[in-house]
Amino acid sequence: MPLVFVHGVNTRKGEPGYEAQRLLTEKFLQKHLKDASINGKAMATVKPRFPYWGDLGTEFAWNMASLPAGQINALGAGVEDDLRPLIGFIGDVLADPKGAQAQPLLTLARKSLLHAVRAVSDLLLRQAKPADAESVASFIAAAQAYAEANPQPAWLAAITTDQQFINKLVSETATASVAPGTQALGLFDPVINPLSAAAAKLKGAVTSAASTVLNKTGDFASTKLLAWGRRPLNAVLGRFFGDVFVYLDARGDKNAPGAIPSVILGEIAQAMQDGPAGEPLVIIGHSLGGVISFDLLSYFRPDITVDLFISVGSQVSHFEEIKRFKNSNASIPSAQQKLATTPANIRHWINVFDEVDIFAYACDKVFDRVRDFRYDTETYTIKAHGAYFEQGRFYQRLRARIDQLP
Amino acid sequence: MSLIWPDSEANVVTNQARLHAFVIGVADYPHLNGGSGPMANDPLGLTQVTTPQHTAPAMAEWLMNGHSNPACQLGSLEMLVSPAVQIPVPAGGKAPADPAKMAEIKRSFAKWEKRCSSHADNIAFFYFCGHGLNKTDQFLLPEDFGDPALPNEWANCINFDWMRVGMRKCKAQTQIFFVDACRETPFGMLTQVNVGGDGLISASITDTVACSAAYYATTQGRQAYGPDNDVTYFGQAVLCCLKGVGGLKKGPKWVVDTYSLGNALGQVMAQLARRHALPLTCNPDVGGMARIHEPAAARVVAAVECSSPAANNVAEIILSRGATLIQSLLGQNKPIIEEVEAGDWTIDVRFPGGQYPVFPPQQYTFVPPVFEGVPVP
């Protein structure tokens, strides 16, 4: 199946986790979309293409030195910025966060194995080196499937440490590391090391957080964390707006597409050429990737017929509301036409959003023919935007929606 | 029982030079993943393995039946294996080996070291096969490693580097160590602040040894491998080298000495890596020359293939020596990697499809440790 995945903002190849996230998305798409049928065409093969435009996105001349780093930050000294929301998430899930300091992962797992797996996945993806990408992606996919099938395995009651939890979880999910018939006199799975490192980092952060003002209030609620976590939120917003401005300024036009449209259109053309023929063309756009994809299909290449367009955690309707698309019609809405028109070359459009995701917008009050799909990532404000594609459940639900298409 | 040969301590020869061996194989780790006991506080990503259960007996079999060194015959074989196995002995019957728990290792080590110290010309021969870890020092893990009931998680653990240094106190002036174990550093080990282990023996600054050779199954930071339910690849390489591939011609005899063994091990492991497509390496660390074994004949690992993959795909390769024939016909795996006797061999490379010119069979002399390649086409 020609399937093109257009990434969103905050995606940079040089950053840890890029390749692992890409591989994880690929594995989930292959597992859950295989043999789906769209417009009467079966998806027998799922070989997604991932056009990369992150190197054309925004750069910060002072490396975001403009982000405030004053007293609020000092209150949370000892916990890395990007871990703060995760610590808050764990605090929210647990009834007694203080009691989780000694073995935070195990405590979380006993409350909810799936949440513990997600926390671990989040940490792994943040720091996965390219060399570890395959083992990390395989482990996350397998661990999520295991946690969904075994929400409270009996072995959880018999272990006492985070490290035992990690070893047991990897044993149970069993992603082979050596050639069949061969055994090593050492680690049985290479994911153990990055996983142990992630767990140690989490434990350190939970312990440090316990000594902050948050702990003294006895309240880990996410609302307080919004202040504590201002810096990472600011950073995400900064990169988001930066990439938006870069795209709008440099997208070019139909006769002379800019660099970002050229990269993505080139990959779409290649995907259509590679085929296989007779299978549906599907484009998935995450975040700004959805906006860009919509712009490309509605203005740059209306001649490309897409069987299914899936926008996830995206701002397509928001951009239409402020009339930023090349093909936006300022006279809509009007008495005669209440909704903007979904381009005819988009045969089906599914838009997915999590109400907690501050970058995600509903579309069915702005566009016709779009099917909105609410999806709860069960995460927190900042994390939600990137969580969809890390969760096997997301792809299961998406497949169910695809199967419901006329 | 840990003394496998001879049948009693009283029969151990101590007034003449002898090779005294201590072989440990650990394939049962109750406190690691998949184990039968309470799980270690941090199992460090280690699980159950089967290869040591086959490797240790194979080494014992060679020591008792294959070792030959007129100047230093086998004097004793001390052996611990987990899970317990019965070891066939030359006199017939079998001798049981005690489990390789830390307490038994300490007891057996003390007895072995005492035998080794009985004569300066003795050879102290140590072979460990089981899980290993490395954090500056090399650690070898007995059966009861990681027992969560102990406050010191490293109490049941051999610090091999300390042991090797400590063995300077032993009077045997030839000491040979084989570390058939991984040398990785799990992250969980890095988080431990006082990783120690037991060196089993201490030495002073005035203690020295003439020849101390350590042969590691892999380089630092990497894994050692083996086929399920069989001898480890390093164990296979050691036995292959001792049986003649590590031989050097010294006068009328073929001799495996500490340096020739190191070179041959490296060469053989490289060929095993090709054959099994695994990242196999080894790390000989030889300090001092000593004669280990005198094989009856020299042997060679022959690794024969054409000069290009394209030619390999359409070639038939036939090695012959007298009535011995080794061949890889069309569609069969290449290179041919086989252990063969040293000497003159004929190599015939044919291209049934006529893709390359006809080459007449060529004569080659195979010399230990490895014969590699043919220059066609």
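Two strands count as paired if DSSP finds at least two bridges between them. In this predicted model, 6 strands of chain A form an open sheet with parallel pairing, in the order β4-β1-β8-β9-β10-β11. The edges are taken by β4 (47–49) and β11 (370–374) of chain A; each has a single partner strand, so one side of each is left without a neighbour in the sheet. On average, neighbouring strands of this sheet are turned by 20° against each other, direction ignored.

The contact between the chains takes 22 residues from chain A and 29 residues from chain B. On the side of chain B that touches chain A, the elements that give two or more residues are α4 (187–190) and β12 (225–227) of chain B. β12(B) gives the most, with 3 residues. The residues of that side of chain B divide into 12 nonpolar, 14 polar and 3 charged.

Strand pairing also joins the two chains: strand β5 (residues 182–184) of chain A and β12(B) run antiparallel. Within this pairing, B:Pro227 in β12(B) is the bridge partner of A:Thr182. The table sets out two strand pairs.

| Strand pair | Sense | Bridges |
|---|---|---|
| β5 of chain A and β12(B) | antiparallel | 3 bridges |

Key:
Residues are numbered from 1 along each chain as its sequence is written. Chains are lettered from A and ligands numbered from 1 in the order in which they are written. This is a predicted model: local features need pLDDT of at least 70, side-chain atom pairs count only at pLDDT 80 or more; totals for chains, interfaces and linings use all residues. Two residues are in contact if their C-beta atoms, placed from the backbone, lie within 7 Å. Helices (H or I, at least four residues) and strands (E, at least two) are DSSP runs, numbered from the N terminus. Ala, Val, Leu, Ile, Met, Phe, Trp, Tyr, Cys and Pro count as nonpolar, Asp, Glu, Lys and Arg as charged, and the others, Gly among them, as polar. Axes are lines fitted to C-alpha atoms, for helices over the stretch in contact, and angles run from 0 to 180 degrees between N-to-C directions.
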